Amino acid sequence: MTTQNWKEILTEEEYRILREKGTEPPFSGKYNTHFEDGKYHCKGCNEVLFDSKAKFESNCGWPSFDSSVEGAIEYKKDNSFGMQRIEILCSNCGGHIGHIFDDGPTETRKRYCVNSLSINFKS
């Protein structure tokens, strides 16, 4: 898709997150404290990324998951802002979803730290 196509289907803030690798302010996203049963989809292409069973309360300010749907996420080194992190992207459309950390409280030890503006929930 072209930049113009993305700008036609996404809001300005969604575009900033998904296409320009932005981050929403902590504790501002609608899925931060959302715990209904269902699936979380990429807002850019509707690909299923996370199952609600993988979601947990991390108190970090962003929705957190301990695993993703197999094959749904791409991982990329991110050295921006003087930090070494792993960026998570939708493997279907390349949209920026957030970052993954090895400090999760579950047995996977993973914390997929996700921008609410990059996903949609469907029950």
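Biologist: Which residues form one aromatic cluster?

Modeller: In this predicted model, one aromatic cluster is formed by Tyr31, Tyr40, Phe50, Phe65, Tyr75, Tyr112 and Phe121.

Biologist: How many aromatic pairs are counted?

Modeller: The count is six aromatic pairs. Tyr40 and Phe121 make a pair whose ring centres are 5.0 Å apart, and centres must lie within 6.5 Å.

Biologist: Why is the pair of Tyr40 and Phe121 called tilted?

Modeller: Their planes stand at 55°. Stacked requires planes under 30 degrees apart and edge-to-face over 60, so the pair is tilted.

Biologist: What parts of the chain does the pair of Tyr40 and Phe121 link?

Modeller: Tyr40 belongs to strand β1 (residues 39-42) and Phe121 to strand β9 (residues 119-122). The two residues are 81 residues apart, and the pair links distant parts of the chain. Both Tyr40 and Phe121 are buried.

Biologist: What makes the aromatic pair of Phe50 and Phe65 stacked?

Modeller: The angle between the planes is 15°, and stacked means under 30 degrees. Centre to centre, Phe50 and Phe65 are 4.2 Å apart. Phe50 lies in strand β2 (residues 48-51) and Phe65 in strand β4 (residues 64-65), so the pair ties together parts that are 15 residues apart in sequence.

Biologist: Why does Phe50 count as buried?

Modeller: Its relative accessibility is 0%, and the cut-off for buried is under 20%; therefore Phe50 counts as buried. Phe65, with a relative accessible area of 0%, is buried.

Biologist: How do you know that the charged end of Lys55 sits over the ring of Phe35?

Modeller: The charged end of Lys55 is 4.0 Å from the centre of the Phe35 ring. The distance must be within 6 Å, and the charge within 35 degrees of the ring normal. The charged end of Lys7 sits over the ring of Tyr15, at 5.2 Å from its centre.

Definitions and conventions:
Residues are numbered from 1 along each chain as its sequence is written. This is a predicted model: local features need pLDDT of at least 70, side-chain atom pairs count only at pLDDT 80 or more; totals for chains, interfaces and linings use all residues. Side-chain values use heavy atoms; hydrogens and water are left out. Helices (H or I, at least four residues) and strands (E, at least two) are DSSP runs, numbered from the N terminus. Buried means under 20% relative accessible area, exposed over 50%, partly exposed in between (1.4 Å probe, protein chains only).
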